[in-house]
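The exercises below ask you to read a protein model step by step, and each task is followed by a worked solution. Please try each task on the structure before you read on.

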Amino acid sequence: MGWRVLMLLGVLAEFSVSAEPLAPCPEGCSCLPVERHVTCNYSNLTSVPPEIANGTIELHMDHNNLTFLQQSFHQDLPELRSLYLRNCNIKTVKSDAFQKVTGIQHLFLDSNEIQEFENGTFDNLSNLLYLHLQENKIRYLQPGIFLPLKNLIALYLRNNLLTELSDGSLKGLTQLRWLDVGFNMITKLSKEAFADSKLRKLNLQNNLLTNVPSLKNRINLQTLRLSGNRIGKLSSASFSRNFRTVRELYLDNMELKDVSSSAFRRLRRLDVLDLRNNSLTSLSVSQVKSSTIIYLSGNPWECDCSITELYIRLLMSKKNDPEQEVLCKSPKGLEGRTLTTINILDLKCKSFVDETTTVFPASQTYQLINSALSVVTTTKEVTTYKTTTPTSTTWINILEEDPCLADDISNISVKATGEDSLEVSWSCPRAYTYFQINYGTDEDKDTLYISGAQTNIQLFHLFPGTTYSVCIVPQNRDGMTCENPNPKHCASGQTSGLPETAYHAHSPPKATTSPFVIIGSTVAGVVILAAVLIAAYALRPTNFHFQRYHNEDEMEGYKQEETDPYKWDSAYENVDEDRHVYVTTSSLWGIDNDKLDCSLAEPTPSVPNYASL
């Protein structure tokens, strides 16, 4: 028991010797010795107090009057990890401001008056992880200013006066994951701006961008905010392959008017798409995965047949979130109604009818006059209807529409992509979402239907080396049927390779040889062969014999013709042509190969009954 008491006293003595005396808390500050936190907020300080203990881990100096940061710390603070200097009216930060706090990981300089940083300001801050510079007056980032911050994870530059991000603005930030440059005045963003980073979240909201920024390299971006910019149109090229890892895309409050049906086709991982508060009247969602949550409220939706695709998607999703609903702005009779509460038969299409309300003599050439009263001549057949009012006569000229809509299809191209496939593309000025594709040969024809606004497809499983005629017919939205497609609808193309009925070309046959010559040649050949065999037999050597050694005991009772193993049908039962396994002579006789003697030898009396060759 005594030795335990002595040991405990020794530990306490050692601790008392090594323990530093508690430093006094600076005037106007509050201190937490155990946590080693010092708080000097709202103390009207103009400089950092000199009495701060060296072991301080967290220092709060918010809401003071530190307008000028230069060698602000009187002693080294090697243990300091978090430094708060928010709302301190700081205007200038000198290059030596943080020389004695090189271990900090969190630096808060937000809500000040900082306009720029001197070169070298962040030298020796390689341990910094989070840098807060939001709500300042920073207009420009010098190339390489952040180069020493090799471990920085998050950079906050929200609510500043930045107008661009140049090639070197973020140079050296190889570990950057989160960048917030929202609420600036950025109009230009270099492709090289993020070349060194590994961004996961990028906030560019409420800037002055007119296009989606381009990325030179794929950076595994997961969240992209472009809300509040001036991007009015999204095309199929807006989001390149370098955006394919994006899971959350925010495009709200941008006055967005036009979105291509293939704008999101590369965003296969998209989970959230925010399109709220724009100027969209319709939207194609054929290339947005079905599980993606789409926020649609706040748009002037036109509830006609062009929105059918979105209507079906909303019905199938069964979401009750009002932010994901479509509220109809037009046409008359459907305004103010939620899309999913409307019968699909009420989603009608605009009729292709042009009317005039101008008095027009019937004997003159018919002309169509638009609402602006500009004259447009036409060569189409026109059906004329006459209406009479007490004051004037109105002629209404209605175009007899082609049910096949031949004028709405052009530039049809059919190209071979293989021996059994063709690529078909076409142009269509109107926004059709359904097409009938007729294709085939003279003997075999087929039809398929496609939905969506795409204007190119591939046909597979065709015959090689065969010419196919392909006709593209838009599906008439007024219910009329196209029975005979116009030649304008059609084009032809041939698959590569040789057709299945093709044969290799041969040389023309030569002159036929007389049958008498053939018979004579055959007889002569037989005679010569017989003569050669007779001569060989007459000249054979008599002192050499071929000996076949076998087990005579096992062969007793067998006929002579059965001694030849190659005459046995059972000898080939084990032959497997696919595996190339063959039966050897020795295996047939039941003896080893070393017992088979095929050497030439002199006949001796000691070997009876050997067959002589």
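**Exercise 1. Charges over rings**

In this predicted model, Arg 225 lies over the face of Tyr 250; state how far Arg 225 is from the ring centre, and then find the ring over which the charged end of Arg 276 sits.

Solution. Begin with Arg 225, which is placed over the face of Tyr 250 at 3.9 Å from the ring centre. Then turn to Arg 276, whose charged end sits over the ring of Tyr 295, 4.8 Å from the centre of that ring. Both distances can be checked against the cut-off for a charge over a ring, which requires CZ of Arg to be within 6 Å of the ring centre.

**Exercise 2. The disulfides**

Find how many disulfides the whole structure contains, and describe the pair Cys 29 and Cys 40 by its S to S distance, its handedness and its place in the chain.

Solution. A search of the whole structure gives 4 disulfides. One of them joins Cys 29 to Cys 40, with an S to S distance of 1.9 Å. The torsion about the S-S bond of this pair is about 110°, and therefore the disulfide is right-handed. To place the pair in the chain, note that Cys 29 belongs to the loop between helix H1 (2-18) and strand S1 (30-32), while Cys 40 belongs to the loop between strand S2 (37-39) and strand S3 (58-60), so the link ties together parts that are 11 residues apart in sequence. Both Cys 29 and Cys 40 are buried.

**Exercise 3. A second link**

Is the link of Cys 303 and Cys 328 left-handed or right-handed, and which parts of the chain does the pair tie together?

Solution. The disulfide joins Cys 303 to Cys 328 with an S to S distance of 1.9 Å. The angle about its S-S bond is -95°, and the link is left-handed. Cys 303 lies in the loop between strand S20 (301-302) and helix H2 (308-317), and Cys 328 lies in strand S21 (residues 328-330), so the pair ties together parts that are 25 residues apart in sequence. For the surroundings, compare each value with the cut-off for buried, which is under 20% relative accessible area: Cys 303 has 0% and counts as buried, and Cys 328 is buried with 3%.

**Exercise 4. Cores and aromatic rings**

Name the residues with the most contacts inside the largest nonpolar core, and then describe how the rings of Phe 117 and Phe 122 are arranged.

Solution. The largest nonpolar core has 94 residues, and those with the most contacts inside it are Phe 98, Phe 146, Leu 155, Phe 194 and Phe 264. Apart from this core lies another, of 20 residues, among them Ile 409, Ile 437, Val 470 and Ala 491.

Next, consider the rings, for the structure holds 7 aromatic pairs. The rings of Phe 117 and Phe 122 have their centres 5.2 Å apart and their planes at 55°, so the pair is tilted. Phe 117 is buried with a relative accessible area of 3%, and Phe 122 is buried with 1%. The rings of Trp 426 and Phe 435 have their centres 5.4 Å apart and their planes at 65°, so this pair is edge-to-face. Finally, Phe 117, Phe 122 and Phe 146 form one aromatic cluster.

Note on methods: Residues are numbered from 1 along each chain as its sequence is written. This is a predicted model: local features need pLDDT of at least 70, side-chain atom pairs count only at pLDDT 80 or more; totals for chains, interfaces and linings use all residues. Side-chain values use heavy atoms; hydrogens and water are left out. A disulfide is a pair of cysteine sulfur atoms within 2.5 Å. Helices (H or I, at least four residues) and strands (E, at least two) are DSSP runs, numbered from the N terminus. Buried means under 20% relative accessible area, exposed over 50%, partly exposed in between (1.4 Å probe, protein chains only). A nonpolar core is a set of buried Ala, Val, Leu, Ile, Met, Phe, Trp, Tyr and Cys residues joined through side-chain atoms within 4.5 Å. Rings of Phe, Tyr and Trp (its six-membered ring) pair if their centres lie within 6.5 Å; planes under 30 degrees apart count as stacked, over 60 as edge-to-face and the rest as tilted. A charge sits over a ring if NZ of Lys or CZ of Arg is within 6 Å of the ring centre and within 35 degrees of the ring normal.
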